[in-house]
Amino acid sequence: MLSQRMQEALNRQVVMEAQSSQAYLAMGSWAEIQPGLKGVTKFFFKHSDEERFHMLKLIHYINERGGFAVIPALEQPILTFVSLKKAFEELFAHEVKVSESINELVDISLQEKDYATHNFLQWYVNEQIEEERVARECNDKLELVGDDKSGLYLFDRDIMTMEQE
């Protein structure tokens with residue numbers, strides 16, 4: 001059984017995962033209308049789907065543990081970006097924020113002596129290590145590329161393989 005405090009904290013994470021999904025969906029929509037960014041578009045849409053999966057995983061867990069998962073209203077995400085680099089800077093900043101939130105959940109689970117939730121959250125801890133790594137690498141590569149069009153072409157072509165490294 002989840003404590004009220006743990007349930008509320010997990011529901012806040014549901015909001016964060018839902019907002020992440022929406023943000024990456026908006027990034028994908030923006031990328032789709034930019035010339036030559038098919039790979040980036042797929043990357044953002046794929047990440048939107050992953051964040052929705054993370055949200056659903058939390059919803060099922062809360063409900064299975066006797067709580068009630070609340071489906072949140074969402075804020076409008078950023079819709080346009082001045083550059084691809086700015087979009088990926090936003091992605092990285094967002095992933096860091098999600099990691100901080102997951103760490104707070106782990107802390108609460110230990111304070112509450114809720115070891116089942118602590119165990120459940122380890123998947124999210126590991127997932128965030130990977131999410132931050134990919135976001136950091138994308139930003140590093142875009143920093144190297146600068147405004148070079150051929151570099152952006154290669155970045156777009158290779159982005160879907162970066163997660164496998």
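**Exercises on a predicted helical chain**

Over residues 1–146 the chain is 79% helix and 0% strand, with its end C-alpha atoms 51 Å apart. The model is predicted. A UniProt annotation from an unreviewed entry, "domain: Ferritin-like diiron", covers residues 1–146.

**Exercise 1.** Work out what span helix α4 (residues 115–145) should have, and compare the result with the model.

*Solution.* Start with the length: α4 has 31 residues. The expected span is 1.5 Å times one less than the number of residues. This gives 45 Å for α4, and the end C-alpha atoms are 45 Å apart, so the two values agree.

**Exercise 2.** Find where α4 is kinked, and describe the residue just after the helix.

*Solution.* The kink is centred on L121 and amounts to about 25 degrees. Just after α4 comes G146, which takes a positive phi of about 65 degrees.

**Exercise 3.** State how confident the prediction is, and which helices have the lowest and highest confidence.

*Solution.* Take the whole chain: the mean pLDDT is 95, and 98% of the residues reach 70 or more. Then take the helices: confidence is lowest in α5 (residues 149–158), at a mean of 94, and highest in α1 (residues 4–32), at 98.

How values were computed. Residues numbered from 1 in each chain as written. Predicted model: local features only at pLDDT ≥ 70, side-chain atom pairs only at ≥ 80, totals over all residues. Heavy atoms only, no water. Helix = DSSP H or I, 4+ residues; strand = E, 2+ residues; numbered from the N terminus. Bend = angle between axes of the 7 residues up to and from the residue. UniProt positions renumbered as here; feature names shortened; annotations may be inferred. pLDDT = per-residue confidence, 0-100.
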